[in-house]
Amino acid sequence: MAVRCSMDDFLKQCAQSGDAAYGAFRSLLQRLEDPKTRVEARIFLADLQNRFGNEEASQQCLQQFYFRIEDIVLEQYEAYQERKKLTMMVIPSIFIPEDWSFTFYEGLNRHPDSIFKDKSVAELGCGNGWITIAIAAKWLPSKVYGLDINPRAVKISWINLYMNALDEKGQPIYDEEGKTLLDRVEFHESDLLGYCRDHDIKLERIVGCIPQILNPNPDAMSKLITENASEEFLYSLSNYCALQGFVEDQFGLGLIARAVEEGITVIKPMGIMIFNMGGRPGQGVCRRLFERRGFRVTKLWQTKILQAADTDISALVEIEKNSPHRFEFFMGLASDQPICARTAWAYGKAGGRISHALSVYSCQLRQPNQVKMIFEFLKNGFHEVSSSLDLSFEDDSVADEKIPFLAYLANVLKETSTFPYEPPAGSRIFRNLIAGFLRTYHHIPLNADNIVVFPSRAVAIENAIRLFSPRLAIVDQHLTQHLPRNWLTSLAIEASDHPSDDVITVIEAPSQSDLMIELIRKLKPQVVITGLSQFEAITASAFQHLLDVTREIGSRLLIDISDNFELSSLPGTNGVLKYLAGNPLPAHAAVLCGLVKNQVYADLEVAFVISEEEAIFKALSKTVELLQGNTAPISQNYYGCIFHELLSFQLAGRHRPSERGNQKVTSADTVDIGTSAISVLDNAELSIDGPEKSSLIHMDVDKSFLPLPSPVKAAIFESFARQNIADAESDVTSSIKQFVKTNYKFPDYNGTELIYADSSLALFNKLVMCCIHEGGTLCFPAGTNGNYVSAAKLLKASISTILTESADGFKVTEKSLSRSLETAKKPWVYISGPTINPTGLVYTTEDIRCILSSCSKFGAKVIIDTSFSGLEFNKNSSRGWDLASILSDISSPSFGVFLLGGLSLELLSGALDLGFLVFNRSDPVDPISSFTGLSKPHGTSRYAIRKLLSLKEQRVESLMDATAERIKVLQNRFKQLKEVLGKNGWDVLEPSAGISMVAKPSAYLGKEVSISVPQKDMPTKESPEEKKIKIDNSNIREAIYRATGLCINSSQWTGIPCYCRFTIAGEESEFQHALECIAKFRSLVP
């Protein structure tokens, strides 16, 4: 418009249409923004308001000229000394202030005056800006951002700001701090908090009065929002919202949900959000929207208002039609009996006035930094998981434990692509945290190398007994329920002239120390495992007495402190730990602690054993590797997070030092580790665990450390984000049976049963015990996972080898199998397939048919281990297995098949694993129905696994693509490794699947190489000794490790003469480093 414009000309332009009126005011805003014309423009607005000075004239102005200027009274009482009213303008295409927003402002008024003082504030859905300006005028915030998606609303808000920042003569109105509203207020076009996010503005207060009803015409909300859009469409933005992709959409609260989640990202840690909430969905639903996102909620104000006549509630009627939920309306303002949306719609159509409750909620994050971390993770491709998130807790102690863990898990899944390799003794970080807790709170000078982690207390006890192989053990009666039954029924308690190392007898005993000591003195056991009664656990005297008696008798003592160990910043007195604060733990004793006392998951367990004798630490570490594999990393992370929370606020060096030095413990005259056990452990080729900060490259571990695909991350996080998971949602039985049926067509008879555990290795070892119980012989092909063979030896199974030939790719053939089974007593045959570990070759359908047919002729039982399958390069070669068809053609009374498997590789995750065993109950193996001591996956793991198996069965694109990509990566790595090995003197057996391959070091055998060998008890500052060795099958692993830091498996592990094993599923940088190490070793050998 021109610089000067008469009132009549202005009104004439406005009278043309609402769009024309908006155009006239937009031009007027340009004059207000220009300091040179600002005074004149403000005077013009004052004259315009005076032209329509009463209510009737103002209403007529809206109808005739499409605008209205009126006063909004902020305070009706005389004692109020501040600004009492605001002068505000509206046009038809923006929200017109009504009861909805007036009630919201009344709720804001119930906060103390300090709520907005000097704070950064944003108002969502500011409309004509009156609440934004009122906040600035009354509470003097540092800055208020009025945000609205309607571009016309933003322009009108700026006009209203100038009208209230300047008096009728165009002069600035200063507040008590010498500022004007122009210093405190800004208006911006913004979809919710988009403007603040884009400009990295952090807020201390967020207030919102935004739509909470779905548009009856969903297509209308997809239109492009511009200031030239129709008035009707722009006005609808103040009444309706579109679907937002949140679970709260079903209540019309999706826009609020999105606003809250966006607010979490921009609000400062102590910030507060205040929202106007229509009570139509019900107060419980409204509160839960905030509480499940980690907010504490305070209801500031509640009243009833009439439902706006221009708002169509038919969308709520449709929601009721398709769900059991009922909205809450009332007939008029006086009724207190709720009616549903359908009744309210009908009553309103008949001319009745309906109302609904209106509440103003003030919300503050209970653990802001952690909750922000959680939502930062969810917004990066995991929006669907947010519908499962539940951070509402009645008990603060539960919130204080779970929210930090969820934040930690979110950070791990966001920042790292995989869970890294951890030694079998347990995550070094976790063991350091345990040691740190014991140092800080109990003043015991321990480190990570004094602690071995187990999946459970029961597993730790059984492993310890198997390690020491006692003829007689006395065990606290409360700790025997998961021990093998034959140990508890044996009567071989007296030494004979021909003692058998294979017989272990366990006598149950009361935990009361005087009775336990009496039994120890009389029976003289080799091993004692006991806890202490509650009254004895307080002091160290009972423990010291047990130490003295077991030392005198020559017994090993494992003392259980699980019931008296408190994860607290103020732990109670513990006699055992009190003793250890002043005395080293004797060499014949160890301390066992099962961690089960968390606030959230009663069945989430991890255990650890403390020993200050290096030999015992190493032996226990090797035992857990052979009998269990690894403790679930997420379980360690959960308790590690608790320990971290208890240590993170502590000041370094503030706590009193230990009363004892960290003396080196010397061995005592006690029962030694079992002769057969120590022989197996010494000869087993187990994983190498270097110093804490060493940079070993592991190509000797049957785990995948490749990046976790998004579906896997989502399933893991969702399993912990949810609360109250139903048993059916974590029951994996039907999912695994379907998986087995789909992939292997294993017959599903009425008697078919399924057993599952933390790992397939643990189940394999139970089958070994069944073989031993039957008096059978376990037959391994030459070319078998070396850990399985060593585990069977540790369990003292009778073992024979099925010879294989290089011409057959070291696969079992009908001929080689028949030759071996002819002399085997009650044979049990182990077959790794379809993918063979370690060679990476595949058994075809015809291969497995021949193998099973041969086994049936000898009445053999067959263990088919599918744990290393699922990543075949050519699916047609393996997934054509039809075991039901094959087995239906075989008839033999003692023949049976056990299908063993693991899901780690199938689910593309090193963090999630579950071992399963499917068998026919008619198989004559008695102990199998009563497996004891198995550590089961926690409910959260089962939930995640069930979800992923369902996605796999449905062939969901994201998971199928991830599997295809994983196979492609492995194929490329095999090609790279084959090329590097070939160039550096290795003969490679080319694989067809899986994560491992074998190769023969032809160019190295018989050659000499210099390696660095550390000297025992050598001071750390001295250099290792250089030693020259001649390379052969027995030392090539050590030679490569010492020379380059690369860990592989030798022929001692593979069982194939001269062939070493390489795994290729490490992190990308480590794989590339491994290739460099192979080349480096070649350069060191002349």
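**Exercise 1. In what order do the 7 strands of the open sheet stand, and what is their pairing?**

Solution. Start with the source. This is a predicted model: local features need pLDDT of at least 70, side-chain atom pairs count only at pLDDT 80 or more, and totals for chains, interfaces and linings use all residues. Residues are numbered from 1 along each chain as its sequence is written, and side-chain values use heavy atoms, leaving out hydrogens and water.

Step 1. Helices (H or I, at least four residues) and strands (E, at least two) are DSSP runs, numbered from the N terminus. Two strands pair if DSSP finds at least two bridges between them.

Step 2. Read off the order: E11-E17-E16-E15-E14-E12-E13, with mixed pairing.

Step 3. Look at the edges. Strand E11 (451-454) and strand E13 (505-509) each have a single partner strand, so one side of each lacks a neighbour in the sheet.

Step 4. Axes here are lines fitted to C-alpha atoms, for helices over the stretch in contact, and angles run from 0 to 180 degrees between N-to-C directions.

Step 5. E11 and strand E17 (residues 606-610) run antiparallel, joined by 4 bridges. Ile451 stands opposite Ile610 in E17.

**Exercise 2. Find the helices that lie on this sheet.**

Step 1. Helix H20 (residues 513-523) lies across strand E12 (472-476), E13 and strand E14 (527-531). H20 runs at about 175° to E12.

Step 2. Helix H24 (residues 633-647) touches E11, strand E16 (589-595) and E17. Its direction makes about 70° with that of E17.

**Exercise 3. Is Leu627 buried or exposed?**

Solution. Buried means under 20% relative accessible area, exposed over 50%, partly exposed in between (1.4 Å probe, protein chains only).

Step 1. Locate Leu627 in helix H23 (residues 614-627).

Step 2. Apply the cut-off. Leu627 has a relative accessible area of 7%, so it is buried.

Step 3. List its contacts, not counting residues up to four places away in sequence: Asn463, Arg466, Leu761, Ala762, Asn765, Leu794 and Leu795.

Step 4. Leu627 and Ser759 are 132 residues apart along the chain, and their C-alpha atoms are separated by 9.8 Å.

**Exercise 4. How many residues of H2 are buried, and what covers them?**

Solution. Step 1. Helix H2 (residues 18-33) has 16 residues.

Step 1. Of these, 12 are buried, so H2 is largely enclosed by the rest of the structure. Among them are Tyr22, Phe25, Leu28 and Arg31.

Step 2. The cover includes helix H1 (7-15), helix H3 (38-51), strand E2 (85-90) and helix H7 (151-165).

**Exercise 5. Which residues have the most contacts inside the largest nonpolar core?**

Solution. A nonpolar core is a set of buried Ala, Val, Leu, Ile, Met, Phe, Trp, Tyr and Cys residues joined through side-chain atoms within 4.5 Å.

Step 1. The largest has 223 residues. Those with the most contacts inside it are Phe290, Phe565, Phe717, Leu852, Leu883, Trp986 and Phe1062.

Step 2. Helix H16 (residues 396-415) gives the most to this core, with 10 residues.

Step 3. Strand E27 (residues 996-1000) runs antiparallel to E31, with 4 bridges.

Technical notes. Contact means heavy atoms within 4.5 Å. The expected span of a helix is 1.5 Å times one less than its number of residues.
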